[in-house]
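Here is a short report on a two-chain model. It covers a sheet, its packing and the interface.

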Protein chains: 2
Amino acid sequence: MSEFSYIKGGITAASGFTVAGVCAHIKAARPDMAMIVSERPAAAAGTFTTNRVQAAPVKLCRDRLLRKSARAIVINSGNANACTGEQGMADAGRMAAVAAEALGIAAEDVLVCSTGTIGVPLPMDKVEGGIKAAAGALSSEGGSDAARAIMTTDTVEKEAALKLTIGGVEVHIGGMAKGAGMIEPNMATMLAFILTDALVDKAALQDCLSAAVAESFNRISVDGDQSTNDTVLFLANGVAGNELLNGDHPDWQIFCDAVRALTKKLAMKIVEDGEGATKVVTVNVRGAACCEDARKAARAVANSLLVKTSWYGGDPNWGRVVDAVGYSGAEVKEDLIDVSYDDVCAVKDGMAAPGASLRELEKVLARREFSLNIDLHLGDGTDTVYTCDCTEEYVRINSEYMT
Amino acid sequence: MSEFSYIKGGITAASGFTVAGVCAHIKAARPDMAMIVSERPAAAAGTFTTNRVQAAPVKLCRDRLLRKSARAIVINSGNANACTGEQGMADAGRMAAVAAEALGIAAEDVLVCSTGTIGVPLPMDKVEGGIKAAAGALSSEGGSDAARAIMTTDTVEKEAALKLTIGGVEVHIGGMAKGAGMIEPNMATMLAFILTDALVDKAALQDCLSAAVAESFNRISVDGDQSTNDTVLFLANGVAGNELLNGDHPDWQIFCDAVRALTKKLAMKIVEDGEGATKVVTVNVRGAACCEDARKAARAVANSLLVKTSWYGGDPNWGRVVDAVGYSGAEVKEDLIDVSYDDVCAVKDGMAAPGASLRELEKVLARREFSLNIDLHLGDGTDTVYTCDCTEEYVRINSEYMT
């Protein structure tokens, strides 16, 4: 039995936070400025893109997370504030300062995120106006407004929330995420924000978040591109009144399980909303010589344009799957490879499985969600990647999304 | 001044070879069986896919190239004879044996190539009939027929030929290639055949081919997928009557230059015919810390779906370029990166170049061919990849090309 239960809502399911989502007019007539404020100093944790080119707000957040706590996060969409040099760093700092002034808190207690077009300086007059407007619109009911304000090419807002009991006290964890393209394991053009009213030790909070991200946001792939801005932030304000949670607490594992489940749910919402996607596919690799080999094989398959377009066509083209496994860099013995779609075997010992039914395979491929299971029969290495198909609509979106 | 000159025609520009391209009916009503026969034993060289899953004919050719010479090549399209196990190896051997019998030569002197769908056993009755028909249709004028018979999703046949003088004797080199999708550096679903009437030492011929392939077929990318069947074969039959060419011959470098030029020309024809492609782009990276870093950066950019779709949209979206460089694994200092499209600067010191004109950049992106030049300003490493844009048509082709 699950030790936690999902509830309605998003980030504001956690008590003691007020949030807002407003129009700063960075984008034409769509919400593009979100703000999150904790009523008291919150323990803060974060994970960030591994891209060697990192946006200014990423650098700012990395630095500010060295502090004991944080009070607020300000987030704009429409402009990534990446590849903007010293001006970009100054602008990210200014975003925090303007928010701090409006909120009456210290600038160092404000975290900043941006997402959108790369290489264009922030329109700071609009940004500053937006931040002030957001500060004036804060509400404990503003979760969905905020979730909409962080969207770029997303078609739906992505929220989830759950509750659980820690030492007899009910605590809540709420989250929101954005991301639809430039999505690749090890983060993507994605932002996610997790808030909890539980009291959690800062170092433990970081461990919990890092482990959860490894199993969720770092295992999704839409197009293999990895962004300059990926950020997941986690604030814990302790308003629920529980005993301090850390790795020694008897309920620690339950809390970590809940966070992992929530991040997985948000990550899957990103895949489901993959630009132009019509199908969600779980690529499971097992039997690899080691887990790193399993990772290579799963990602080569999940990122193969030929595999992704065959899914779109409803074609159980396992040849392209075996081909991608072959060039993945993983150790492979061709005549040991088995492949199935859901529970229908396609390949046995590296060849078309005897009696494999194209009709049965096509039935699986016609599903909105299915799994592709690859067994290399070489060892114990396993890995999983969640991904989607590649469609003409993906190309249309990304050829029309202008600089 | 060039030491060689292009001439009309393809593989049959080389004397002493007869070739054919016929319908074996593996595919519906399109030529799908080609044959190349040298009137005398020819020195033979080859390069092959690095995919760990290799088609049966690749294994056969690797083995037979250990011999002193070869006499013929038989090639089918429509079926890759890959992931076909022991039956596949037997079928590849049978293709050679049937050709040998029809030609009155030894089976071991026949090389075999296949391209097409993976994982389906060859329809050997049709294949055998096709081989016999090809043997009956051999002609010194059959180059274009053969070039058409090896096509799969190609829209045009790919041929080139040139002549040069070696020790006062005119010699000819002709080539043909196929390939449009599943194209990635280090070979692709591509086949190429180079024939020359020059007399060339076998070991020298292999060195010459390997060096030429490294600069041509291994530097093109359509979609980042690498096939199980890639093969380039080079036959030299000595019919021209020149002195034996080897590394010590004074004209050796001229010969190698000519082969490199011919393979480059054929490789560019593959990129130009990239599935659904509307633009050909040369990605140049320089200033990398080392050549391996330059290679990583160039390939990350050339294979980025977001970059390729932005080209399709005519959008000089340099943010996606810098982003791809950042995740390529190459050493990168963000504030040292320069990017230009042809001679129009887009990025200087990691930011939008001062005075960069979007209109001037868009003019470059509107061209059918342009270069993307990236300078990392870290060292002397350079690399170049030839690639194309990614279009809705690519997705359509590959979602409809059925198992």
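## The sheet of chain A

Strand 11 (residues 280-288) of chain A pairs with strand 15 of chain A in the parallel sense, over seven bridges. Two strands count as paired if DSSP finds at least two bridges between them. Helices (H or I, at least four residues) and strands (E, at least two) are DSSP runs, numbered from the N terminus. Strands of a sheet pair through backbone hydrogen bonds, either parallel or antiparallel.

This is a predicted model: local features need pLDDT of at least 70, side-chain atom pairs count only at pLDDT 80 or more, and totals for chains, interfaces and linings use all residues. Residues are numbered from 1 along each chain as its sequence is written, chains are lettered from A and ligands numbered from 1 in the order in which they are written, and side-chain values use heavy atoms, with hydrogens and water left out.

The open sheet of chain A has seven strands in the order 9-16-11-15-12-13-14, with mixed pairing. Strand 9 (220-221) and strand 14 of chain A stand at the edges; each has a single partner strand, so one side of each is left without a neighbour in the sheet.

Strand 15 (residues 369-375) of chain A also holds N373(A). The side chain of N373(A) makes a polar contact with the side chain of N284(A), at 2.9 Å. A polar contact is a pair of N or O atoms within 3.5 Å; within protein, one must be able to donate a hydrogen and the other to accept it, and residues adjacent in sequence count only if both atoms are side-chain atoms. Leaving aside neighbours within four places in sequence, N373(A) is in contact (heavy atoms within 4.5 Å) with N284(A), D338(A), V339(A), S340(A) and D342(A).

## The sheet of chain B

Chain B has an open sheet of seven strands, ordered 9-16-11-15-12-13-14, with mixed pairing. Its edge strands are strand 9 (220-221) and strand 14 (351-352) of chain B. Strand 13 (residues 344-348) of chain B runs antiparallel to strand 14 of chain B, joined by two bridges. There K348(B) stands opposite M351(B).

Axes are lines fitted to C-alpha atoms, for helices over the stretch in contact, and angles run from 0 to 180 degrees between N-to-C directions.

| Helix of chain B | Angle to strand 16 of chain B |
|---|---|
| Helix 6 (residues 252-272) | about 50 degrees |
| Helix 7 (residues 291-303) | about 20 degrees |

## Between the chains

How many residues of chain A are in contact with chain B? The count is 54 residues of chain A, against 54 residues of chain B. The area buried between the chains is about 4,600 Å², and carbon and sulfur atoms give 58% of that. Buried area is the accessible area (1.4 Å probe) that two parts lose on being put together, summed over both. R52(A), L305(A) and E334(A) supply 14% of the area that chain A buries against chain B, more than any other three residues.

Two salt bridges are counted between chain A and chain B. A salt bridge is a side-chain nitrogen of Lys or Arg within 4 Å of a carboxyl oxygen of Asp or Glu. The side chains of E334(A) and K59(B) form a salt bridge (3.5 Å, N to O). Helix 9 of chain A gives the largest share of the side of chain A that touches chain B, with seven residues.
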